[in-house]
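Morning, everyone. I will go through one structure today, starting with charged pairs and then moving to a helix and a sheet. Please have the viewer open.

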Amino acid sequence: MKHDYFRVFTNCIVTKGYTQSIISDIQREKSDFIPNSLTEIIERLNQKESLGSIYKEYGKENKAVIDEYLEFLVLEEYGFYCTGEEFDMFVDLDLRYQNPDRVSNLIIEFKKNELASLRNTIPQVEKLGCKFVALVCYEGLEPEDFEEIRLLFDHTIIHSVEIISQYSNRISENLIADISLKFKRLTSLFLFNCPPKMNMRSKKKYCEVTFSQKKYTNFSFCGGISSNHFQTNLPKFLEARNHNSCLNKKMAIDIHGNIKNCPAMPESFGNIKDITLNEALQEKNFKQYWEVTKDKIAVCKDCEFRYICTDCRAFTERSEMNADSLDVSKPLKCGYDPYTGEWEEWSTSELKQKAINYYKQLS
């Protein structure tokens with residue numbers, strides 16, 4: 001049987017950048033760098049252009065290079081040789097992002113002495129269909145606080161709770177094991193201002209636990225862009241292609257009870273003491289950044305990582321505004337330059353100093 005065509009698996013999607021591209025297998029959740037020249041060939045192959053046609057156009061002198069490209073795709077299981085009939089058996093992946101929840105994630109900053117006020121908030125979160133909640137406390141939570149939080153989420157539709165809290169010397173490995181055992185909805189525990197060399201030595205099962213020696217007093221730690229945060233999975237990839245990868249379907253309540261897109265953003269849409277989350281969601285500009293994809297953001301639109309990377313509208317380089325007066329500048333805390341393909345430490349960049357000084361004055 002003659003294989004006149006080559007088909008890239010529909011779950012393997014190429015994102016072209018300025019200097020290079022990546023191919024993302026969103027089923028196996030992996031990405032690889034590929035040259036832009038291979039991206040151009042893949043685009044033609046996906047249009048069912050025959051191998052013979054491509055070989056002819058590129059010439060005999062480039063046949064060895066094309067064969068090497070195709071061998072790489074086969075070896076890494078990104079594609080396969082096929083007949084025309086086999087090619088047509090594969091239907092292109094639906095790249096729309098679909099999530100029925102009105103809000104998918106909600107961040108709540110709170111003070112320990114106001115923990116009880118969450119009893120009035122959690123039912124509102126449920127009414128929005130939200131199933132992922134992050135709780136942020138800049139004070140050290142005690143064992144009894146964790147138990148009170150657990151009871152708040154029992155018998156709710158919320159199935160993932162992340163807690164970010166200052167470390168308390170009453171938090172032990174046994175306590176974390178006990179919390180993990182009882183608090184089934186707790187998926188992540190991030191403790192900051194920890195003593196040096198804190199870690200979990202036991203082989204017991206826990207939720208994901210992170211210890212940090214850094215001290216945080218507000219949400220300014222948000223917005224860091226790093227390859228460690230890249231996610232090649234179907235929901236995140238599709239959301240980034242169609243919506244803002246940070247703010248779409250997101251809400252937040254800051255430490256003062258102000259309802260925002262993110263605790264670090266300046267604009268408030270009311271206070272939880274005066275209005276409901278649903279009422280804030282109906283405010284005219286609440287969703288204004290939800291549709292600002294990476295393809296609409298300066299520099300990011302030329303980056304090969306734009307669909308596996310997150311975004312930040314709270315801290316930007318403050319250099320670009322669109323026709324709707326929305327900030328579409330590159331995230332401030334990103335040190336990657338897609339025009340050179342190199343990473344650098346963002347905080348020392350001379351080009352970012354004006355924006356850095358601006359945010360320092362606000363803190």
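How many salt bridges does the count come to? The count is 27 salt bridges, and this is a predicted model, so please keep that in mind throughout. The rule behind the count is a side-chain nitrogen of Lys or Arg within 4 Å of a carboxyl oxygen of Asp or Glu. As background, side chains of opposite charge can pair when their charged atoms come close.

Let me take some of these pairs one at a time. Glu-76 and Lys-30 meet through their side chains in a salt bridge, at 3.2 Å from N to O. This pair links distant parts of the chain, 46 residues apart: Lys-30 belongs to strand β4, residues 30-34, while Glu-76 sits in the loop between α3 (63-75) and β5 (79-82). Are the two partners buried, exposed or in between? Glu-76 has a relative accessible area of 24%, so it counts as partly exposed. Lys-30 is also partly exposed, with a relative accessible area of 24%. The cut-off for buried is under 20%.

The next pair is Glu-239 with Lys-250, a salt bridge at 3.4 Å from N to O. Here too distant parts of the chain are linked, with Glu-239 in helix α8 (residues 234-242) and Lys-250 in strand β11 (residues 250-253), 11 residues apart. Both Glu-239 and Lys-250 are buried.

Then there is Asp-311 with Arg-313, where the closest N and O atoms of the salt bridge are 2.8 Å apart. Asp-311 is buried, and Arg-313 is buried as well.

Now to a network. Which residues are linked in a network of salt bridges? They are Lys-112, Glu-142, Glu-144, Asp-145 and Arg-170. Let me stay with Glu-142, which is in the loop between β7 (132-140) and α6 (143-153). Its relative accessible area is 16%, so Glu-142 is classed as buried. Setting aside neighbours within four places in sequence, Glu-142 is in contact with Lys-112, Ser-168 and Arg-170.

Just after α6, His-155 takes a positive phi of about 65 degrees.

Last, the sheet that contains β4. It is an open sheet of 3 strands in the order β2-β3-β4, with antiparallel pairing.

If you want a place to look, Thr-15 stands opposite Ile-22 in β3. Which helix lies across β2, β3 and β4? Helix α1, residues 36-45, does, and it runs at about 130 degrees to β2.

Terms used:
Residues are numbered from 1 along each chain as its sequence is written. This is a predicted model: local features need pLDDT of at least 70, side-chain atom pairs count only at pLDDT 80 or more; totals for chains, interfaces and linings use all residues. Side-chain values use heavy atoms; hydrogens and water are left out. Helices (H or I, at least four residues) and strands (E, at least two) are DSSP runs, numbered from the N terminus. Buried means under 20% relative accessible area, exposed over 50%, partly exposed in between (1.4 Å probe, protein chains only). Contact means heavy atoms within 4.5 Å. Two strands pair if DSSP finds at least two bridges between them. Axes are lines fitted to C-alpha atoms, for helices over the stretch in contact, and angles run from 0 to 180 degrees between N-to-C directions.
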